[in-house]
Amino acid sequence: MNALTFDPIGDIAQAIGSLMAEEAPTLPWKADVLAARRGDPNAFEALVRSVQRAVYGLALRLLNSEAEAAEVSQEAFLRAYQNLHRYDESRPFDLWVMAITRNLCLDLLRRRTKMRTEELEPMKEVLPSGEISLEDGAIARQERQSLEEAMTTLSAEDREVLALYYVQKRTTKEIAQILGCAPGTIMARLFRAREKLRKKMTTEEPT
Amino acid sequence: MTPNQCPDLEVLFTELEAGEGSALDHAATCALCSAVLEDHRQLEKDLYRLADPLPPPTLVANVMARVATEPTPLRRELWAGIPILVASLGVGLGLLITNDQALSQLGAALAALVMDGKGLLQGLASGANALWSTAAGPVAAILIILLIVSLSGLKRLVGDGPNPSQA
């Protein structure tokens, strides 16, 4: 077959087809979002299940309180449902809900009068490691615990960027979408947060 | 090399990302900078091992219980739109009724539309007739392409359902 053959109708149909095919795999949440908008509770439940861990994780990192993190997560999902008609489904659903969660957490943090004194206690037993295995010895657990504790002493801005990048393994572009800032600023924020954490860890080390 | 000559850490990290730079060259020969970089590498390794905690098992059920009391998002948009529509219509009609001049202008505009519309339709029909008699083939091809593209678009719209955010 001649490669230079021009078939305008076939080409247009192929272009439309490829456009539709490209869209399908990159927007896995779209069908559930559209169904949830029409009032399908199962579709919204599927959406909640798919992002609940990330949402609750971010809330807990920011608030350092299980009860408040659970409450804020619920509120974030409710707000997402109430504003589902405003959501642009070309944007990842999880990032949208994470941005709502973050805003709610920051509002709550602003309302708090005493931030530092109430934070450390609940985190010690709450946050698990990425590798839960028998080989994971007591020393490693202790190290992780001191790392978690050092993290709780950082500012909310530092905690969120560290949690999103290292714990949730988000890209700088995704983090920028959640935080509503330029992607180019994320690496600098990460370096600064990590340096603060390193200093905390260094001062905490027994001499 | 003394610590005073060590570069700013942020510069060092920026060059570390880029993979080259004078600060990085310095760090390769400076014990202090090398130690800081090693600390960061180790810290990154430890940070990557952390994981998000599991949410409370009741979280989804609690969310869905609260969602159950809410109106569906589509209906919510409809209810928000109706008052705006009613208010706009009310204001428009009110202005029209209370203003005799506007009412007479509206009547004149409607009459002119009927008269001009007849002439416009006749002109369009004769134009289409002339176009068809001189270039029937290309016109038919364009119409077919237009139909295919429109049907494809329609199919996509129907398949995806309504999108209130774009309405």
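Start with chain B, which holds seven helices and zero strands, where helices (H or I, at least four residues) and strands (E, at least two) are DSSP runs numbered from the N terminus. The model is a predicted one, in which local features need pLDDT of at least 70 and side-chain atom pairs count only at pLDDT 80 or more, while totals for chains, interfaces and linings use all residues. Residues are numbered from 1 along each chain as its sequence is written, and chains are lettered from A and ligands numbered from 1 in the order in which they are written.

Followed along its sequence, chain B reads α-α-α-α-α-α-α. Of its 167 residues, 8% are buried, a residue being buried if 20 or more other C-beta atoms lie within 10 Å of its own, exposed if 12 or fewer, and partly exposed in between, with C-beta atoms placed from the backbone. Among the chain B contacts with a separation of 6 or more, 30% involve residues 24 or more positions apart; two residues are in contact if their C-beta atoms, placed from the backbone, lie within 7 Å.

Next, select residues 100-134 of chain B, which form helix H6, a run of 35 residues. From first C-alpha to last, H6(B) reaches 51 Å, close to the 51 Å expected at 1.5 Å a residue, the expected span being 1.5 Å times one less than the number of residues. How many of the 35 residues of H6(B) are buried? The number is zero, so H6(B) lies largely in the open.

Now move to chain A, where there are 10 helices and zero strands, and where 31% of the 207 residues count as buried. Of the chain A contacts between residues at least 6 apart in sequence, 67% join residues at least 24 apart.

To see the largest nonpolar core, which has 50 residues, select A:Leu47, A:Val55, A:Ala59, A:Ala76, A:Val97, A:Val161 and A:Leu162, the members that touch the most others. A nonpolar core is a set of buried Ala, Val, Leu, Ile, Met, Phe, Trp, Tyr and Cys residues joined through C-beta atoms within 7 Å. Helix H3 of chain A (residues 41-63) supplies the largest share of this core, 12 residues. Centre the view on A:Val97 and, leaving aside neighbours within four places in sequence, look for its contacts with A:Val51, A:Val55, A:Ala76, A:Phe77 and A:Ala80. Apart from this core lies another, of six residues, including B:Leu12, B:Ala23, B:Ala27 and B:Cys33.

On the H3(A) side, A:Gly57, A:Leu58, A:Arg61 and A:Leu62 meet A:Ala156, A:Arg159, A:Glu160, A:Ala163 and A:Val167 of H8(A).

A:Arg38 is partly exposed, with 13 other C-beta atoms within 10 Å, and its C-alpha is 9.8 Å from that of A:His85, 47 residues apart in sequence. In chain B, B:Thr72 sits in the loop between helix H4 (59-68) and helix H5 (73-98). Which residues does B:Thr72 contact, leaving aside its neighbours within four places in sequence? They are A:Arg38 and A:Gly39.
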